Amino acid sequence: MSDDNTNGTPRPPGDDTGAENLPGRRRRRFPGISSRAYEHPADRSALVALRKLSGFDTVFKALSGLLPERSLRLLFLSDSVRVSDAQFAHLNDMLRDACYILDLEKVPAMYVSQNPQPNAMCIGLDEPIIVVTTGLIELLDEEEMRAVVGHEVGHALSGHAVYRTVLLFLTNLALRVAWIPLGNVAIMAIVTALREWFRKSELSADRAGLLVGQDLQASMRGLMKMAGGNHLHEMNVDAFLKQAEEYEQGGDLRDSVLKILNVLPRTHPFTTVRAAELKKWAESRDHQRLMDGHYPRRDEDKDTSVTDSFRQSASAYASDVRDSKDPLMKLVTDIAGGAGDLGGRVRSRFGGSGKGSGGSGRGADTSGEESGGSGEAKGGPSAT
């Protein structure tokens, strides 16, 4: 059988050739790939723990009667356009192509919804549904859209749709019980925890989008357009990534606290941060090994250790804190390392000056450290 695939239609499941021909370039597919291959460590450890819980699936099946999944399916079926060979055929080709590359056996239903806000989502308990808005389709070019479709298929392969649906339900429930004393507090505690996982799941799905599109520049452009709109001639990827670097290391401890407060109500990480994280992963050894065909397989998932997953997650967080240029993270590192004159450092990073020549000197040194690191790139709802 020929490897040619010039119209985006997936080859039969039995064809396990490692690469796929597309006009002008070749793209690799990943037979039997486990979602663990691209999942962010924090996302992966949470999912492994949930999947290992005895009776977890049973509980969620019991919840299905309360969750609005059936209503959502009927809503999209009645008031959106279902992607198929007859409707939005180019999106249908992209969807089938993404499922073929990531070896997702059952192609999810996909709908286009009339909405000027660029957005996409993957929801559902029993079977995932992918929804993209007209605003997103009009904003992105073909290769950028391919990365987005791959992003949503990555959510489906990881089993994210279930937890995203639960978050949607709980968020709506919190609004309804806000008048009940302490009721909203209890629900919002769960919602906040789910949002933290949700943000990490977005980083995982960005990686899946890159595996499908296999065009880092297209992924970068898509994220940049989500931030600045369809004015590509006015934007620059390198300058956009520079913003992420400035955001991470700029300011003092007050800015670090504001960053945390700004991100807490969000389901998605900030766009510049997503771009920087994806670029860092694309340049990593893990990504290179994956592209060379060395990746965890789905049939090994049952043997995955919860302890190992938590260890990897803890290691990733520790590395993030250690390498971060954020003033608060640097202070945490200083505390862990037993740094001297901690009081002077705290005063300096909150914008005050240390008293005496010693405190003043320490503050000047800290400022120099922060500005000196500016050359290193470490790293409302938005689409996908």
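Please note at the outset that the model is a predicted one.

I begin with the sheet. Four strands make up an open sheet with mixed pairing, and their order is S3-S4-S6-S5. Strand S3, at residues 81–82, and strand S5, at residues 120–123, are the edge strands, each pairing on one side only.

Strand S4, residues 109–113, runs parallel to strand S6, residues 129–133, and five bridges join the two. Within that pairing, Ser 113 has Thr 133 of S6 as its bridge partner. With S5, by contrast, S6 pairs in the antiparallel sense, over four bridges. Here Cys 122 has Ile 130 of S6 as its bridge partner. S5 and S6 form a hairpin with five residues between them, and Gly 124 in the turn shows a positive phi of about 125°.

How many of the five residues of S6 are buried? The count is five of five, and the strand is described as mostly covered. In a regular strand, side chains alternate between the two faces of the sheet.

I turn now to helix H6, which comprises residues 142–158. At the start of the helix, a side-chain oxygen of Asp 141 comes to within 3.2 Å of the backbone nitrogen of Glu 143. After the helix comes Gly 159, with a positive phi near 80°.

My last topic is the aromatic residues. The count of aromatic pairs is three. One of them joins Phe 30 and Tyr 295 in an edge-to-face arrangement, at 5.8 Å centre to centre and with 80° between the planes. Why does this pair tie together parts that are 265 residues apart in sequence? Phe 30 lies in the loop between strand S2 and helix H1, whereas Tyr 295 lies in the loop between helix H13 and helix H14. Phe 30 is buried, because its relative accessible area is 0%, under the 20% limit. Tyr 295, at 11% relative accessibility, also counts as buried.

Another edge-to-face pair is that of Tyr 247 and Phe 270, at 5.7 Å centre to centre and 65° between the planes. This pair links distant parts of the chain, 23 residues apart: Tyr 247 is in helix H10, and Phe 270 is in the loop between helix H11 and helix H12. Are these two residues buried or partly exposed? Tyr 247 has a relative accessible area of 31% and is partly exposed. Phe 270, at 22% relative accessibility, counts as partly exposed as well.

I close with a contact between a charge and a ring. The charged end of Arg 29 sits over the ring of Tyr 100, at 4.0 Å from the ring centre.

Key:
Residues numbered from 1 in each chain as written. Predicted model: local features only at pLDDT ≥ 70, side-chain atom pairs only at ≥ 80, totals over all residues. Heavy atoms only, no water. Polar contact = N/O pair within 3.5 Å; in protein donor to acceptor, adjacent residues only side chain to side chain. Phe/Tyr/Trp six-rings, centres within 6.5 Å; stacked < 30°, edge-to-face > 60°. Buried < 20%, exposed > 50% of the residue type's maximum accessible area, 1.4 Å probe, protein only. Lys NZ or Arg CZ within 6 Å of the ring centre and 35° of its normal. Pairing = 2+ DSSP bridges.
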